[in-house]
Amino acid sequence: MFYRASLQAAAVLASLSLLAGCGLLSDSGSKAEQKIVVGTTSEPSTLDPAAAWDNSWELMRNVFQTLVSFPTGSTSPEPDAAESCEFTDTTSTAYRCKLREGLKFSNGDKLDAEAVKYSIDRIMAMEVKGGPVGLLGSLDQVETKGDVVVVFHLTKPDATFPFILATPAMSLVAPSDYAKHKVRGDGKVTGSGPYLLESYKPGDRAELVENPNYKGFANRKNDAVTIRYFKESAPLVTALKSHEIDAIYRGLTAEEVVSLEDNKDKKSELQILETVGADIRFLVFNPEDPAAGNVAVRRAIAQLVDRDALVAKVYQGTAEPLYSMVPKGIAGHTTSFFDAYGDPDPVEAKRILTRAGITEPVAMTFWFTTDRYGSSTAPEFDELKRQLEASGLFKVTLKSKPWKEFQEGFTKGEYPVFGRGWFPDFPDPDNFIAPFVGKETVTGMPYVKNEITEQLLPQTRKESDRGAVSKEFERAQQILVDDVRLLPLWQGKLYVASGEDIGGGERALDPQTVMQMWELYRKASW
């Protein structure tokens with residue numbers, strides 16, 4: 001997801017400290033009884049990895065294991081539940097993993113090769129729409145060899161496959177507790193990660209406690225973590241200032257970031273850390289909608305959107321304009337939408353519509369989620385509405401729903417236009433193109449583009465040197481510009497706010513910007 005800069009953000013993350021009276025951890029790393037309380041507006045949409053291709057990963061990383069993962073400081077996958085993993089051929093079509101000995105799930109079942117096969121096969125069998133099955137497009141079959149060896153046979157070369165196995169979507173689950181064709185929905189988890197999910201109350205909190213049987217790379221520096229979920233950012237900030245929580249990760253508005261950076265309230269002893277982020281925001285157009293399905297309408301919108309004004313008015317410098325689906329900091333980034341459309345131009349937008357025979361204002365409905373990407377989302381869509389209607393070419397109605405309902409709607413194709421965010425699975429341009437193109441996409445909108453899926457992506461996946469694939473991804477982005485099925489808006493910066501007494505923050509974020517809670521601790525007070 002993010003590179004080393006993300007790990008700095010983790011620093012703040014680490015600010016997730018403990019509440020008073022929970023115990024201390026010395027700077028030398030010796031552990032005493034500790035709890036950490038983290039606040040966020042990013043609540044899981046599911047606790048089942050087979051259905052998760054969103055910020056549900058925040059929780060999953062800490063309660064499940066994957067075969068490979070990203071230890072602190074690493075931008076390449078390294079063994080976790082596995083003892084070793086490697087491609088066994090020169091064409092990158094067979095990937096072999098050997099499991100650690102003695103692994104078991106929290107229910108006592110063995111975590112063996114058959115459990116690994118079951119976990120991955122289950123994702124393929126369920127084919128949850130908008131779920132992570134889209135990540136496994138190159139997988140042919142999973143083979144077991146004895147109790148501890150698993151071989152993944154791919155249909156074609158895929159140098160990104162180890163990165164995919166490192167995502168929390170590929171978490172290993174106990175077959176006895178997870179039906180082959182049904183999403184688990186009882187609010188419980190059976191995993192083998194650093195923590196056990198002691199309890200979960202949707203919309204409120206998740207209580208994590210140390211897993212005594214854990215075997216993996218994580219070196220826990222605390223005993224328990226409480227993750228509190230907030231609907232809005234204002235009470236989240238209030239909770240931090242009143243020491244009800246120790247840190248905030250995801251959910252701060254631009255105004256709150258600016259206020260915390262000013263740090264006018266010196267008595268609060270709060271800190272905020274900024275890092276370059278790779279998270280992006282974009283609009284998705286439904287090709288089945290009469291208006292959004294018209295490429296002239298989409299191009300006119302692309303010609304009108306003023307990203308500079310959007311970032312300045314709504315995000316106050318806490319984000320920057322984005323003109324391609326691949327953000328700055330990732331190989332293959334371009335400014336393809338700016339190159340095609342230049343500055344906002346109502347006259348040209350009108351010309352685009354007129355040439356298509358559209359002479360009356362186009363009525364459209366834009367949808368957004370109220371509780372996934374922070375409280376700035378509503379003002380963002382207000383600004384988009386203002387910009388489009390100021391041209392006299394559009395009449396925009398805004399509608400919104402909480403994430404779970406919103407997700408159900410867009411996966412069913414109910415919305416003409418809707419806003420989405422993307423927190424990448426791994427730091428590679430493939431992950432900013434592939435999830436949005438094909439029969440199964442993370443947006444829930446099939447987007448079949450054979451040049452991308454049958455030519456460009458396969459070509460790049462043969463190349464282990466990921467810095468050598470820029471030309472192919474530049475071409476893919478040009479195709480996206482021509483179609484305007486996706487319209488990039490802005491690229492975010494990552495902020496974490498916390499008290500000043502927390503250590504481990506610099507180690508708490510992996511390259512997927514997923515919090516590794518085990519790195520956090522409260523500094524000794526003496």
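In what order do the 4 strands of the open sheet stand? I looked this up in the model, which is a predicted one, and I read the order as 4-5-7-6, with antiparallel pairing. Strand 4 (82-87) and strand 6 (139-145) each have a single partner strand and stand at the edges, so one side of each is left without a neighbour in the sheet. From one strand to the next, I noted a twist that averages 15°.

I then followed strand 4 to its partner, strand 5 (residues 94-99), and found that the two run antiparallel and are joined by 5 bridges. Within this pair, Cys 85 stands opposite Cys 97 of strand 5.

Next I turned to helix 3, which lies across strand 5, strand 6 and strand 7 (149-154) and runs at about 165° to strand 6.

I looked up the nonpolar cores as well. The largest has 108 residues, and Leu 67, Phe 152, Met 170 and Ile 452 have the most contacts inside it. Helix 3 (residues 113-126) gives the largest share of this core, 6 residues. A second, separate core has 40 residues, among them Phe 285 and Tyr 341. For Met 170, leaving aside neighbours within four places in sequence, I listed contacts that include Ile 120, Ile 123, Leu 135 and Leu 136.

Last, I checked helix 7 (residues 295-304) against helix 10 (residues 346-355), whose axes come within 8 Å and cross at roughly 180°. Because of this angle, helix 7 is roughly antiparallel to helix 10. The contact includes Ala 300 and Leu 304 of helix 7, and Ile 352 and Leu 353 of helix 10; its residues divide into 8 nonpolar, 1 polar and 2 charged.

Note on methods:
Residues numbered from 1 in each chain as written. Predicted model: local features only at pLDDT ≥ 70, side-chain atom pairs only at ≥ 80, totals over all residues. Heavy atoms only, no water. Axes fitted to C-alpha atoms, helices over the stretch in contact; angles between N-to-C directions. Parallel < 35°, antiparallel > 145°, perpendicular 65-115°, else oblique. Contact = heavy atoms within 4.5 Å. Nonpolar A, V, L, I, M, F, W, Y, C, P; charged D, E, K, R; others polar. Core = buried A, V, L, I, M, F, W, Y, C linked by side-chain atoms within 4.5 Å. Buried < 20%, exposed > 50% of the residue type's maximum accessible area, 1.4 Å probe, protein only. Pairing = 2+ DSSP bridges.
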